[in-house]
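Trainee: I have just opened this one. Can you walk me through it?

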Amino acid sequence: MTMQAEIVETPEKGQQEHLFEAMQTALPSLPPVQLDAFEGPLDILLHLIRKQKMDIFDIPVATITEQYLNIIETHQALDIDVAGEYLVMASTLMQLKSRMLLPRVEIDEEGNEIDPRDALVAQLMAYEQYRMLAEEIDELPRMHRDVFKRAVFPEADDVERPLPAADLEGLLAAFGHVLKRMESEVRHRVVLETMSVREQMQFVTERLQQGSTQLFDLLGNHAHREAIVTTLLAILELWRQRVIQVVQTQNYAAITLLLTVDESDTSQEGEV
Amino acid sequence: MLIHQLEAFIFASDEPLSMEKLRRFFQGVESSELREALSTLEQHYANRGIQLMQVAGGWQFRTAIEHKAIVSQLWQTRPPRLSRAMLETLAIIAYQQPTTRAEIEALRGIQVSSSIMGGLLERGWVKVLGRKDVPGRPHLYGTSKQFLADFGLKSLHDLPDSSQLMSAEDIQQGELPIQQHTQEDTDRAHEQSRE
């Protein structure tokens with residue numbers, strides 16, 4: 001907090017009262033403050049009252065209203081949600097200011113005049129109490145800030161976790177479980193490619209040079225999925241390069257592969 | 001030996017151990033014996049680096065507060081400072097529970113954001129106790145055991161003194177507190193709060 005009320009030290013005591021009066025009427029100009037340093041309108045009012053050592057039971061409403069409005073006005077770009085509460089307080093203060101000018105007509109059960117400021121004073125004092133209690137709660141010995149217990153703190157980086165004591169039998173049993181789990185839980189295995197598409201293209205071309213053949217005859221020789229896929233890729237690649245032709249006479253019929261004899265002859269291309 | 005058993009038992013526990021729990025595990029031991037042993041232990045640790053503390057209705061070993069600087073070095077991160085908004089909201093809930101968000105807002109004179117309530121709930125300091133039987137059936141909030149444990153309180157009676165607290169209703173009725181602070185008191189309090 002950098003905010004300071006303008007309470008000037010005067011060398012002569014006589015001037016002090018005069019100065020105070022001047023403050024009341026001519027409005028001390030307070031240095032700009034950050035609204036987000038405050039926790040709402042009550043906080044601002046308490047700040048103004050306490051900093052200027054005003055009597056909370058006899059708040060100079062006119063002065064406090066002007067000072068409050070000054071603080072609010074310097075923050076026009078207020079968040080609209082937040083602004084609402086500050087503006088409500090502004091209107092409360094202005095209403096209070098005008099009521100202070102009127103003769104007191106409201107009287108309580110005991111016949112005393114009701115000070116229109118009472119409600120605001122009650123609110124301010126209640127808030128001030130909680131503000132103080134909040135400070136006191138903050139000063140209580142806080143776990144992980146002031147005191148620590150014997151426990152693993154989640155962010156601990158140097159915690160040594162002792163190894164559990166184990167006997168051989170338990171270790172073997174655990175190892176057995178792991179092995180069992182491994183058997184049933186092979187999810188993904190990466191192996192080196194044992195066949196290449198290029199090799200299979202060579203193989204398919206060689207086969208077809210001996211005469212046309214059925215697709216399933218070519219694929220059926222291979223036991224492994226990998227071989228089937230590679231062969232199929234090889235066939236597709238050869239077809240794309242128009243080295244071979246693929247013919248199917250009707251839906252679901254056998255697919256025949258044959259070498260392209262004449263480069264210009266593409267009329268026999270079929271659908272797979 | 002009972003004292004040594006108790007010492008080991010409390011040391012090994014992650015939670016503050018209540019009398020009921022101790023009674024359950026130390027069957028055949030009179031409550032008065034337990035209490036006496038606890039008090040002996042408490043005195044034994046009174047001037048040590050760790051202390052036997054009574055928090056959240058149980059007993060727990062904790063490091064003494066004067067060693068916080070050295071002990072906190074064990075961790076790279078420190079718990080973040082709590083905002084005033086969060087602390088004030090927590091204070092109102094602690095003293096006014098069960099209370100609603102609207103009542104908290106009435107006392108603070110400003111909205112209580114969801115992030116503040118969320119933060120308090122997430123830390124486990126505040127919990128929903130139920131719903132208030134008024135239109136809208138708003139949640140009633142109160143503090144938890146975790147709050148007592150984390151703030152080193154034996155119970156809610158152990159909260160900082162609050163003789164003249166006003167509720168949201170008092171304020172609506174425009175009641176003034178009976179006991180008036182002297183100007184000096186309030187000034188001093190204010191200076192502290194602004195430091």
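Trainee: Which exposed residues sit on the face of α7(A) turned away from its buried side?

Mentor: A:Arg198, A:Glu206 and A:Gln209. Before we go on, this is a predicted model: local features need pLDDT of at least 70, side-chain atom pairs count only at pLDDT 80 or more, and totals for chains, interfaces and linings use all residues. Residues are numbered from 1 along each chain as its sequence is written, while chains are lettered from A and ligands numbered from 1 in the order in which they are written.

Trainee: What counts as buried or exposed?

Mentor: Count the other C-beta atoms, placed from the backbone, within 10 Å of the residue's own: 20 or more is buried, 12 or fewer is exposed, and in between is partly exposed.

Trainee: Then which residues of α7(A) are buried?

Mentor: A:Gln200, A:Met201, A:Val204 and A:Leu208. Down the axis of α7(A), they fall within an arc of 105 degrees, so they line one face of the helix. That arc is taken from the directions from the helix axis to the C-beta atoms.

Trainee: What do they pack against?

Mentor: The buried residues of α7(A) pack against β1, α8, α9, β2 and β3 of chain A. Contact here means C-beta atoms, placed from the backbone, within 7 Å.

Trainee: How far does α7(A) reach?

Mentor: Helix α7(A) covers residues 197-209 and spans 18 Å from first C-alpha to last, close to the 18 Å expected. The expected span is 1.5 Å times one less than the number of residues. After α7(A) comes A:Gly211, with a positive phi near 130 degrees.

Trainee: Zooming out, how many helices and strands does chain A have?

Mentor: Chain A has 9 helices and 3 strands. These are DSSP runs, numbered from the N terminus: helices are H or I with at least four residues, strands E with at least two. Of the 272 residues in chain A, 19% are buried.

Trainee: Is α2(A) enclosed or open?

Mentor: Largely enclosed by the rest of the structure, because 10 of its 11 residues are buried. Among them are A:Leu42, A:Asp43, A:Ile44 and A:His47. Just after α2(A), A:Lys53 has a positive phi of about 55 degrees.

Trainee: What does A:Leu133 touch?

Mentor: B:Ala91, B:Tyr95, B:Pro160 and B:Ser162, leaving out residues up to four places away in sequence. A:Leu133 is in helix α5 of chain A. A:Leu133 counts as buried, with 22 C-beta neighbours inside 10 Å.

Trainee: Over to chain B. At what angle do α5(B) and α7(B) pack?

Mentor: About 65 degrees, with their axes 10 Å apart. Axes are lines fitted to C-alpha atoms, for helices over the stretch in contact, and angles run from 0 to 180 degrees between N-to-C directions. So α5(B) and α7(B) are roughly perpendicular. The cut-offs: under 35 degrees is roughly parallel, over 145 roughly antiparallel, 65 to 115 roughly perpendicular, and the rest oblique.

Trainee: Which residues make that contact?

Mentor: B:Ala85, B:Met86, B:Thr89 and B:Leu90 of α5(B), with B:Ile116, B:Gly119 and B:Leu120 of α7(B).

Trainee: Where is the cis peptide bond?

Mentor: A cis bond joins B:Gln97 and B:Pro98, with omega about -5 degrees. B:Pro98 lies in the loop between α5 and α6 of chain B.

Trainee: And what is phi for A:Tyr252?

Mentor: Near 65 degrees, which is positive in a residue other than glycine. Most residues other than glycine have a negative phi. A:Tyr252 is in the loop between β2 and β3 of chain A. A:Tyr252 counts as exposed, with 6 C-beta neighbours inside 10 Å.

Notes
Two residues are in contact if their C-beta atoms, placed from the backbone, lie within 7 Å.
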